[in-house]
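Visitor: I would like to learn how to read a few features of a protein model. Could you take me through them one at a time?

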Amino acid sequence: MMRDLVAGAGSPLRADDGLGVRLVNDLATWIEERGGDARDIGTDACALVAELEERRRVIIIDAVEMELSPGDVRVFDAECVPQCSTPMLSGHEFDLASAVTLARKLHPDVRIEIVGIQPASVERERRFSPEIAARYFAIRKEVKNRLGVMLARTEEAERLVKPVQEERR
């Protein structure tokens, strides 16, 4: 059976941009107990592409500028990344939008979803912003709840949902 990948992206050296990395590391055991693989891809979004072989789904956790309140969490399908992003969705060397576009071209059967967390700051700072630091455990709980639902989806359930989604288009 193919295992889902939960990848934490971001730089712990850029304040809230390190959220994805911190969350995936904090939740790694919990993710693996639910049949997923947890990976810290840091700022190497290209590593995401290398991880797609033999995957059914990839869930990326990252700080994403969405013009929301700091700490707000949203889940979206990677298909909306080009429409949702400015030229660089994430501050990494090979930005997330480019990595997702490449991943979708090389592995069109892999479902890619993003758990985005609105940062307050991505300035050069080794600590989270005060806004995110104050909400970290609430953010972690919300991300964990959302991941729990996402990881519980079976391949059979995905096959049943896909025709309904295509019918709506």
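Visitor: Is Arg-39 buried, partly exposed or exposed?

Guide: Before that, a word on the model: it is predicted, so local features need pLDDT of at least 70 and side-chain atom pairs count only at pLDDT 80 or more, while totals for chains, interfaces and linings use all residues. Residues are numbered from 1 along each chain as its sequence is written, and side-chain values use heavy atoms, with hydrogens and water left out. Buried means under 20% relative accessible area, exposed over 50%, and partly exposed in between (1.4 Å probe, protein chains only). With 31% relative accessible area, Arg-39 is partly exposed.

Visitor: Which side chain meets Arg-39 in a salt bridge?

Guide: In general, side chains of opposite charge can pair when their charged atoms come close. The rule here asks for a side-chain nitrogen of Lys or Arg within 4 Å of a carboxyl oxygen of Asp or Glu. Arg-39 meets Glu-51 this way, at 3.1 Å from N to O. The pair links distant parts of the chain, 12 residues apart: Arg-39 lies in strand E2, and Glu-51 in the loop between helix H2 (45-50) and E3. Helices (H or I, at least four residues) and strands (E, at least two) are DSSP runs, numbered from the N terminus.

Visitor: What else does Glu-51 form a salt bridge with?

Guide: Arg-55, with the closest N and O atoms 3.2 Å apart. Glu-51 is partly exposed at 21% relative accessibility, whereas Arg-55 is buried at 10%.

Visitor: How many salt bridges are there by this rule?

Guide: The count comes to 15. Another of them joins Arg-111 and Glu-113, again with 3.2 Å between the closest N and O atoms. Arg-111 is partly exposed at 22%, and Glu-113 is buried at 3%. Through shared partners, Asp-4, Arg-56, Arg-57, Asp-77, Arg-111 and Glu-113 belong to one network.

Visitor: In what order do the strands form the sheet?

Guide: Strands of a sheet pair through backbone hydrogen bonds, either parallel or antiparallel. Two strands count as paired if DSSP finds at least two bridges between them. Here five strands form an open sheet, E2-E1-E3-E5-E4, with mixed pairing. Strand E2 (36-42) and strand E4 (73-77) are the edges, each pairing on one side only.

Visitor: How many bridges join E1 to E2?

Guide: Six, and the two strands run parallel, with E1 spanning residues 4-9. Gly-8, for instance, stands opposite Asp-40 in E2.
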